[in-house]
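Have the viewer open while you read.

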Amino acid sequence: MTPTEAPTAAERRRLRSILRGLRARFGPLEPPRRTDPLEELILTVLSQHTSDANAERAYGALRARYPTWEKVARARTAALADAIRSGGLANTKAPRIQAILREIFRREGRYDLSWTRDAGDERVREYLVSLPGVGPKTAAVVLAFALGRDAIPVDTHVHRVSTRLGLVPPKTSADKADRLLHDLVPAPIRIELHVGLIRLGREICKAGRPRCESCPLNDLCLTAPLYMGRAAP
Ligand code: SF4
């Protein structure tokens with residue numbers, strides 16, 4: 001499947017089949033949360049290269065120790081790193097979080113992104129990726145889960161599974177996959193597909209050997225024949 005700005009009828013049919021398979025296996029594919037955009041942004045930074053559970057724990061510790069964003073921005077960086085240690089890579093994430101907060105304050109005069117609720121998707125995306133250390137995936141998470149927009153965040157699971165399925169070409173970078181999937185997947189199903197591909201990546205299409213024999217998408221997948229010894233679909 002080659003992503004284009006306007007998916008073909010065959011591509012749309014295949015995407016619908018993939019979504020049906022994911023729903024049949026996992027049930028309703030609900031987005032994980034809806035929160036304040038700045039909270040979601042900082043939580044997403046904390047979730048980089050760690051599990052959701054570790055990120056939530058680090059976020060809870062951060063808010064308990066520093067109840068306001070101003071206190072986070074003004075904290076000693078080493079102390080902030082200690083507070084978020086359970087989220088991993090604390091010595092990288094602490095200065096990144098402070099740089100983001102300081103830049104938001106410099107631009108807005110306050111620690112607040114509620115203006116994004118009334119702004120268009122592209123304006124919000126451009127603003128977020130212009131913040132220090134914020135990439136397309138983080139921007140898409142904020143758009144999808146804090147603002148309820150039709151974005152499809154490409155995390156490590158979505159990247160791996162969509163490549164194996166053949167939704168993006170092999171060796172496509174995560175940033176490029178983000179744009180390709182955004183163009184390929186119709187807006188109304190982006191969040192559901194994101195949630196379903198993450199479930200599939202965590203439980204079945206793992207980073208090592210995928211469990212194709214028990215995958216609900218094995219009759220649609222370009223990689224399954226490699227593991228199941230049969231012809232490609
Ligand atoms: S069939 Fe195998 S490679 Fe394809 S998505 Fe399922 S688990 Fe992954």
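## Helix α10

Let's start with α10, where Ala177, Asp178, Leu181, His182 and Leu184 are buried. They sit on the same side of α10, because they cover an arc of only 165° around the axis. What's covering these buried residues? The cover includes α1 (9-26), α8 and α9.

Some ground rules before going on. This is a predicted model, so local features need pLDDT of at least 70 and side-chain atom pairs count only at pLDDT 80 or more, while totals for chains, interfaces and linings use all residues. Residues are numbered from 1 along each chain as its sequence is written. "Buried" means that 20 or more other C-beta atoms lie within 10 Å of a residue's own, "exposed" means 12 or fewer, and "partly exposed" is in between, with C-beta atoms placed from the backbone. Helices (H or I, at least four residues) and strands (E, at least two) are DSSP runs, numbered from the N terminus. An arc is that of the directions from the helix axis to the C-beta atoms.

## Helix α7

Helix α7 (residues 121-129) has Val124, Arg125 and Leu128 as its buried residues. Down the axis of α7 these buried residues fall within an arc of 100°, so they line one face of the helix.

The buried residues of α7 pack against α8 (136-146). Contact here means that the C-beta atoms of two residues, placed from the backbone, lie within 7 Å.

## The core

The largest nonpolar core has 58 residues, and Leu46, Ile100 and Leu181 have the most contacts inside it. The biggest giver to this core is α8, with 8 residues. Both domain 1 (9-30 + 153-228) and domain 2 (37-146) supply at least three residues each. A core, in this sense, is a set of buried Ala, Val, Leu, Ile, Met, Phe, Trp, Tyr and Cys residues joined through C-beta atoms within 7 Å.

Which residues does Ile100 touch? Leaving out residues up to four places away in sequence, Ile100 touches Leu41, Val45, Leu131, Pro132, Gly133 and Val134. Leu181, another of the residues with the most contacts in the core, is also one of the buried residues of α10.

The contact between them takes 8 residues from domain 1 and 6 residues from domain 2.

On the side of domain 1 that touches domain 2, the elements giving two or more residues are α10 (174-184) and α11 (190-203). The largest share of that side, 3 residues, comes from α10. By class, the residues on this side of domain 1 divide into 4 nonpolar, 1 polar and 3 charged. For these classes, Ala, Val, Leu, Ile, Met, Phe, Trp, Tyr, Cys and Pro count as nonpolar, Asp, Glu, Lys and Arg as charged, and the others, Gly among them, as polar.

## Around the ligand

How many residues surround the ligand? There are 14, and the closest are Cys205, Pro210, Cys212, Cys215 and Cys221; a residue is near a molecule if its C-beta atom, placed from the backbone, lies within 6 Å of it. Helix α9 (residues 156-165) provides the largest share of the shell, 3 residues. Sorted by class, the shell has 10 nonpolar, 2 polar and 2 charged residues.

## Loop residues worth a click

Most residues other than glycine have a negative phi. Leu89, in the loop between α5 (77-83) and α6 (90-108), has a positive phi near 50°. Leu89 counts as partly exposed because it has 16 C-beta neighbours inside 10 Å. Lys171, in the loop between α9 and α10, has a positive phi near 65°. Lys171 has 7 C-beta neighbours inside 10 Å, so it counts as exposed.

Pro188 lies in the loop between α10 and α11 and is exposed, with 8 C-beta neighbours inside 10 Å. Pro188 and Arg12 are 176 residues apart in sequence and 12 Å apart in space, C-alpha to C-alpha. Gly208, in the loop between α11 and α12 (224-228), is exposed too, with 5 other C-beta atoms within 10 Å. From Gly208 to Leu19 the separation is 189 residues in sequence and 23 Å in space, C-alpha to C-alpha.

Conventions:
Domain bounds come from an automatic or database domain assignment.
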